[in-house]
Amino acid sequence: MKNKGAEYVWFDGQFVKWEKASVPIMTHSLHYGTAVFEGIRGYGTGNNLFIFRLEDHMKRLRRSASVYNFNSRATTKELCEATVALARKIAIKCSCYIRPLTFVGLHGIDLNVTRDSPTHTVIIIFPFDKYFKAEGIKACVSSWRRIHDGSLPPLAKAAGNYLNSVLATQECRRNGYDESIMLDTQGNVSEASGENIFLVRNNEISVPNLASSALEGITRETAIIIGRKLGYEVKERPIARTELYMSDELFLTGTAAEIVAVTHLDGRPICEGKEGPVTKDIREMYEKIVRGKVDEYMRWVTPVW
């Protein structure tokens, strides 16, 4: 987001003008990456806006903060209510991206962050449509390995973790690809730089397990549930790199990316260079669910209006 996205943001319980939402230069998270965040989607549907899995995202925000012993002041309920209130305040009805961020403020320069350290939470909403090309993307296996739980907890959605993803993204873009696939320290498939990855082979779906340094993605979980509901066998397991090249289909899942096919990997076509039937099934169901068109999953969407 390079420009002003809305008139207001929510900052520690108050609506603050976008241009006045600032922090001191000695903010701890600016120096050390001591922040956790979420990415949430809102989908415009005529006269309403549906926020997808809002409560689940806010619960994960607070869990991520707890891993680093941040004192997250607002409750999950308060964060959900604040998000809806902010969407109404800025009168947004088009599809949008929602970014909650909890960060350590003026703690000093030492690293002993505790629950007594000052923290802040901001919620930002701005218009947002497609992240990747709908027809699919070209990916490569990165030379950078995914962070390991023994060094930085991948299950916490922490700002500092994404320096790892920045390196992988820079590498793939330099080489003419849209996205990178990262391996864990054991050489098994982990995830893309900002998305989870799924593999389809012989009509069976596989996804790297959490021990492969994969984020416990909310869209990942959604795709697993949809896949099983559609009658596919879905397994969470270690996946060797070579299996990627032997797959019938590959697709990525994430809040920004939604569900998108990987049509080429390291210059090799996957599924003849197009979206496969399994990916299409899951993507089309996902697109209906997030817009409140499937009664069974209405519990996942929060209407704003």
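Guide: On a 1 Å grid over the protein atoms alone, a pocket is an open set of points with protein on both sides within 12 Å along at least five of seven lines, and its lining residues have an atom within 4 Å of a point. Points join across faces, edges and corners, and volume is the space filled by probe spheres set on them. The model is predicted, with local features requiring pLDDT of at least 70 and side-chain atom pairs pLDDT 80 or more, while totals for chains, interfaces and linings use all residues. Numbering starts from 1 along each chain as its sequence is written, and side-chain values use heavy atoms, without hydrogens or water.

The second largest pocket has a volume of about 400 Å³. Its lining consists of 16 residues, and V23, L101, F103, V122 and I124 are the closest to its centre. Two or more lining residues come from each of β1, α1 (28–32), β6 and β7 (DSSP runs numbered from the N terminus: helices, H or I, of at least four residues; strands, E, of at least two). By class, this lining has twelve nonpolar, four polar and no charged residues (nonpolar: Ala, Val, Leu, Ile, Met, Phe, Trp, Tyr, Cys and Pro; charged: Asp, Glu, Lys and Arg; polar: the others, Gly among them).

The largest pocket has a volume of about 930 Å³. Of the 42 residues in its lining, F37, Y97, R99, K157 and Y162 lie nearest its centre. α2, β6, β7, α4 (162–174), α5 (218–229) and β14 (249–254) each give two or more residues to this lining. The largest share, six residues, is that of α4. The lining of the largest pocket divides into 18 nonpolar, 14 polar and ten charged residues.

Because its relative accessibility is 19%, H107 counts as buried (under 20% relative accessible area, with exposed over 50% and partly exposed in between; 1.4 Å probe, protein chains only). Beyond neighbours within four places in sequence, H107 is in contact with H28, N112, V113, S117 and P118 (contact: heavy atoms within 4.5 Å).

The largest nonpolar core contains 28 residues, with M58, I123 and I125 making the most contacts inside it (a core: buried Ala, Val, Leu, Ile, Met, Phe, Trp, Tyr and Cys joined through side-chain atoms within 4.5 Å). At least two residues of this core come from each of β5 (48–52), α2 (54–67), α3 (76–89), β6 and β7. The largest share belongs to α3, with six residues. Apart from this core lies another, of 23 residues, among them F52, V207, V234 and V290. Leaving aside neighbours within four places in sequence, I123 is in contact with V9, W10, M58, L79, A82, T83, L86, I98, R99 and P100.

Elsewhere, I282 lies in helix α7 and is buried, since its relative accessible area is 0%. Not counting residues up to four places away in sequence, I282 touches I205, A223, I226, G227, L230, F251 and I259. The C-alpha atom of I282 is separated by 21 Å from that of L265, 17 residues apart along the chain.

D12, in the loop between β1 (8–11) and β2 (14–17), has a positive phi near 50° although not a glycine. D12 counts as partly exposed because its relative accessibility is 31%. C271, in the loop between β16 (268–269) and α7 (277–290), also has a positive phi, of about 55°, and is not a glycine. At 22% relative accessibility, C271 is therefore partly exposed.

Key
On a 1 Å grid over the protein atoms alone, a cavity is a set of points where a 1.4 Å probe fits but cannot get out, and a pocket is an open set with protein on both sides within 12 Å along at least five of seven lines; lining residues have an atom within 4 Å of a point.
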